Structure formats: structure tokens, C-alpha cells
Amino acid sequence: MSIEVSNESGVAVPAKRLMAVARYALDRLDVHPAAELSMVFVDKETMAELHVQWMDLPGPTDVMSFPMDELTPGGRPDAADPGPAMLGDIIICPQVAAEQAEQAGHSPEHELAVLTVHGVLHLLGYDHAEPDEEKEMFGLQNQLLADWVAAQEEKARKAAQVERDRRLLGKVGLLDDSSDR
């Protein structure tokens with residue numbers, strides 16, 4: 001999975017973490033591992049210009065997606081391998097995300113992860129214009145985020161346990177690690 005990140009927002013963003021959540025969502029949705037994705041972080045002024053240009057709506061928005069190739073998640077097991085594809089661009093405004101995070105009562109980093117998954121789903125053809133579409137898309141978005149957070153917590157828990165085990169084994173002399181002495 002190739003994910004290119006460009007931060008033109010003037011605000012620091014956790015690019016590696018957002019690439020990880022995008023990769024997780026794409027993997028879970030059976031997108032070809034050689035697919036390409038571009039994530040661009042822009043300031044409010046740029047986002048407002050894009051919002052007017054593409055949606056004919058005033059003011060900045062949080063996230064916009066611009067699909068390139070038509071892909072559908074999963075697919076038929078007997079279908080030919082679609083091969084790699086350029087999924088498209090996800091444009092995110094960290095300043096708008098920070099405002100929304102404050103209103104929602106969670107961190108800006110979490111809001112950026114929400115917007116990343118939301119953008120990925122739009123690239124894959126999901127929408128929320130109709131109530132049934134909204135229910136499906138937001139249900140999938142929430143499930144992907146919850147599963148990703150749980151996977152990150154489990155990974156951190158395992159890493160901490162490995163470190164505790166390494167220190168204990170070093171203290172009792174079962175590791176040949178001169179850094180513990």
C-alpha cells in the first residue's frame with residue numbers, strides 16, 4: 001500500500017499514525033495491497049477554496065475525497081485480480097478537525113483519524129446523502145476506528161510486556177545484554 005502524505009497546512013499532523021489508520025481501513029476493506037493513496041493536509045483558506053470549487057458550498061470543510069479509479073471493496077472470489085490502482089486524494093483541514101474535536105470532546109489526533117477513515121470510505125464509493133447510506137457508512141467508519149484503536153492498544157500492551165520481560169530476564173542474568181548492567 002503506497003500512501004503519500006503532503007502537509008501544506010502549517011500545522012503538525014501525526015502523519016505516520018494517519019497513514020497507519022488509512023492502511024488498516026484499506027486492508028480491512030480488501031483493497032489491493034499495491035493501491036496508492038494521497039493524503040493532503042491544507043489550511044482553512046485552501047479548504048474553503050476547494051469547497052466552493054467542487055461542492056459549491058461556502059467556507060472550509062473538514063475532509064474532501066477525490067476518487068481516481070473505480071474500486072469496490074471485497075469483490076467476487078472468482079473475479080480477476082484488479083491489480084494496483086490509484087484510489088485518489090483525501091484532503092483534510094487540521095484546523096477544522098481541531099475545532100470539531102473540541103466540540104466532540106476528543107483529541108484532534110482522534111478527529112484526524114476519523115476524517116482519514118471517512119475519506120477512505122468516500123474514495124471507495126461510500127456516501128451519506130441518504131439515511132440508509134449514512135447509517136451504513138458511519139457504522140462501518142465507527143467499527144473500523146474502534147477495531148483499529150483496539151489493535152493499537154493491544155500492540156502497545158504486547159510491546160510493554162516484552163520490555164518488562166526483557167528487563168526481568170536481564171536482571172536475573174538470563175539475557176546476554178550488557179545494557180542492563
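## Ile92 and its contacts

Ile92 has contacts (heavy atoms within 4.5 Å) with Met39, Val40, Phe41, Val42, Met47, Asp62, Val63, Leu112, Leu115 and Thr116, leaving aside neighbours within four places in sequence. This is a predicted model, where local features need pLDDT of at least 70, side-chain atom pairs count only at pLDDT 80 or more, and totals for chains, interfaces and linings use all residues. Residues are numbered from 1 along each chain as its sequence is written, and side-chain values use heavy atoms, with hydrogens and water left out.

## Nonpolar cores

A nonpolar core is a set of buried Ala, Val, Leu, Ile, Met, Phe, Trp, Tyr and Cys residues joined through side-chain atoms within 4.5 Å. Buried means under 20% relative accessible area, exposed over 50%, and partly exposed in between, with a 1.4 Å probe and protein chains only.

The largest core holds 33 residues. Leu37, Met39, Leu87, Ile92, Val120 and Leu124 touch the most other members. Two or more residues each come from helix H1 (15-28), S2, S4, H4 and helix H5 (131-171). Helices (H or I, at least four residues) and strands (E, at least two) are DSSP runs, numbered from the N terminus. H4 gives the largest share, 8 residues. Another core, of 9 residues, lies apart from it; Val40, Leu50, Phe66 and Cys93 are among them.

## Helix H3

H3 spans residues 94-104, with Pro94, Val96, Ala97 and Ala101 buried. These residues sit on the same side of H3, because they cover an arc of only 150 degrees around the axis. The arc is taken from the directions from the helix axis to the C-beta atoms. Their cover includes strand S2 (36-41), helix H2 (44-55), strand S4 (86-92) and H4.

Exposed Glu102 and Gln103 lie on the face turned away from the buried side of H3. Just after H3 comes Gly105, with a positive phi of about 80 degrees.

## Glu111

Glu111 belongs to helix H4 (residues 108-123). Glu111 is buried, yet it has no salt bridge. Such a bridge needs a side-chain nitrogen of Lys or Arg within 4 Å of a carboxyl oxygen of Asp or Glu. The nearest side chain of opposite charge, Arg17, is 13 Å away. Here Lys and Arg count as positive and Asp and Glu as negative; His and the chain ends are not counted.

What does the side chain of Glu111 make a polar contact with? The partner is the side chain of His106, at 2.6 Å. A polar contact pairs N or O atoms within 3.5 Å; within protein, one must be able to donate a hydrogen and the other to accept it, and residues adjacent in sequence count only if both atoms are side-chain atoms. Not counting residues up to four places away in sequence, Glu111 touches Ala97, Gln100, Ala101 and His106.
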